[in-house]
Amino acid sequence: MGEDPGGTGPERAPGPRHGRDETPEERADRRWAELLQEVRVAQTGVQILLGFLLSVAFTPRFARLGDFDRRVYLVTVVLGATATGALIAPVSFHRMLSGRRLKPELVQMAARLTGLGVVLLALTVGSSLLLLLHVATGRAAAVWTTAAVMVWFAVCWLLVPYWIRWRGERPESRRPPGE
């Protein structure tokens with residue numbers, strides 16, 4: 001971008017400013033760095049969970065699982081694999097698109113895939129919990145407990161962030177202090 005008329009730095013977008021004073025490139029760089037930190041946390045969890053799930057099929061007890069448990073297991077492994085793919089995709093995107101001046105597009109698509117990966121991770125954890133609790137306690141307790149945990153995930157991972165976002169977007173929340 002060009003210089004501003006006063007020669008004080010990179011040209012900034014016109015209009016009222018809210019939040020950070022950064023160029024689109026700086027914003028993309030910041031969002032990319034933040035996204036990578038988020039992905040690192042989620043990737044570790046899903047990879048450990050998937051590794052554990054893959055090893056379950058090779059245990060002696062697996063052969064004694066009923067049809068329901070085997071179906072839940074297969075769904076869980078597929079969910080874990082798809083979550084892993086979605087959460088690792090930003091790395092591939094970056095490798096393929098690095099240096100092509102597409103960082104804003106890269107960040108936007110990587111953020112969408114990361115969001116999808118987190119949803120798939122929640123479903124993987126839920127179906128893992130269903131399988132484990134079904135084997136340990138029976139169907140009714142497993143279903144109710146898993147449902148409660150999934151509601152908890154929805155509250156923590158979706159509702160609270162949306163509520164904070166909604167509160168931050170209300171006009172009265174943008175008034176300067178003391179007004």
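Phe153 is buried, at 16% relative accessible area. Buried here means under 20% relative accessible area, exposed means over 50%, and partly exposed is in between, with a 1.4 Å probe and protein chains only. Trp157 is partly exposed, at 37%.

A word on the source. This is a predicted model, where local features need pLDDT of at least 70 and side-chain atom pairs count only at pLDDT 80 or more, while totals for chains, interfaces and linings use all residues. Residues are numbered from 1 along each chain as its sequence is written, and side-chain values use heavy atoms, with hydrogens and water left out.

Back to the rings. Phe153 and Trp157 form a stacked aromatic pair, 4.6 Å centre to centre, with 15 degrees between the planes. Rings of Phe, Tyr and Trp (its six-membered ring) pair if their centres lie within 6.5 Å; planes under 30 degrees apart are stacked, over 60 edge-to-face, the rest tilted. Both residues lie in helix 4, residues 139-169. They are four residues apart, about one turn of the helix. Helices are DSSP runs of H or I, at least four residues, numbered from the N terminus.

The structure holds two aromatic pairs. What about Phe62 and Tyr73? Their centres are 5.0 Å apart and their planes at 65 degrees, so this pair is edge-to-face. Phe62 sits in the loop between helix 1 (24-56) and helix 2, Tyr73 in helix 2. The two are 11 residues apart, and the pair links distant parts of the chain. Both are buried.

Next, charges over rings. The criterion: NZ of Lys or CZ of Arg within 6 Å of the ring centre and within 35 degrees of the ring normal. Arg139 lies over the face of Phe68, 4.1 Å from the ring centre. Arg170 has its charged end over the ring of Trp166, at 4.9 Å from the centre.

Now helix packing. Helix 2 (residues 67-97) and helix 3 (residues 103-137) have axes that come within 8 Å and cross at roughly 160 degrees. Axes are lines fitted to C-alpha atoms over the stretch in contact, and angles run from 0 to 180 degrees between N-to-C directions. The two helices are therefore roughly antiparallel, a label for angles over 145 degrees.

Last, the loop between helix 2 and helix 3. Arg101 lies there. At 81% relative accessibility, Arg101 is exposed.

Notes
Parallel < 35°, antiparallel > 145°, perpendicular 65-115°, else oblique.
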